[in-house]
Amino acid sequence: CYKQCSGYLKIQIYYSDPDFKGFVRLTCCHLCNVEFHVSCWKKLKACSFSDKNTKDFLQSECFTPDCGGLITRIVVYGPAGLKKCEFESKPFKTKSPPKVVVKQ
């Protein structure tokens, strides 16, 4: 969860927690998964990203240190643990220059 996670006794997120209110999972093109309590996600967006929309994080740099990948999927889970909404984008593929064919 968010480094400065506060208001929770632990940073781990469990469905069985009495104060479970859902969570946000970000997945990058290298398959890193970063999860945030809903309140930590809102706090991170407000403090560090000027209340950027959740969907606008697609194709942003992964939050995992030293990853370098881009966020390609965001899933928001509600208080019942069910998928509330999902945003997904295909990773950009860089086109390599065409191969030069030399006829001899």
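Before I come to the space itself, let me say what I mean by a pocket, namely an open set of grid points where a 1.4 Å probe fits, with protein on both sides within 12 Å along at least five of seven lines. What we have on the screen is a predicted model, and in this model the second largest pocket holds about 150 Å³ of space.

Which residues line this second largest pocket? The lining is made up of K21, V24, V38, W41, K42, K45, T54, V76, Y77, G78, P79 and K84. Two elements, α1 (38-48) and β3 (71-77), each give two or more residues to that lining, and the largest share, four residues, comes from α1. Sorted by class, the lining of this pocket has six nonpolar, two polar and four charged residues.

Let me turn now to the sheet. Strands of a sheet pair through backbone hydrogen bonds, either parallel or antiparallel. Here we have an open sheet of four strands in the order β2-β1-β3-β4, and the pairing is antiparallel. Because β2 (33-37) and β4 (83-88) stand at the edges and each have a single partner strand, one side of each is left without a neighbour in the sheet. On average, and with direction ignored, neighbouring strands of this sheet are turned by 15 degrees against each other.

Looking at one pair in detail, β1, which covers residues 23-28, runs antiparallel to β2 over five bridges, and R25 has E35 in β2 as its bridge partner.

Notes: Residues numbered from 1 in each chain as written. Predicted model: local features only at pLDDT ≥ 70, side-chain atom pairs only at ≥ 80, totals over all residues. Heavy atoms only, no water. 1 Å grid on protein atoms, 1.4 Å probe; cavity = no way out; pocket = protein on both sides within 12 Å on 5 of 7 lines; lining within 4 Å. Points joined across faces, edges and corners; volume = space filled by probe spheres on them. Nonpolar A, V, L, I, M, F, W, Y, C, P; charged D, E, K, R; others polar. Pairing = 2+ DSSP bridges. Axes fitted to C-alpha atoms, helices over the stretch in contact; angles between N-to-C directions.
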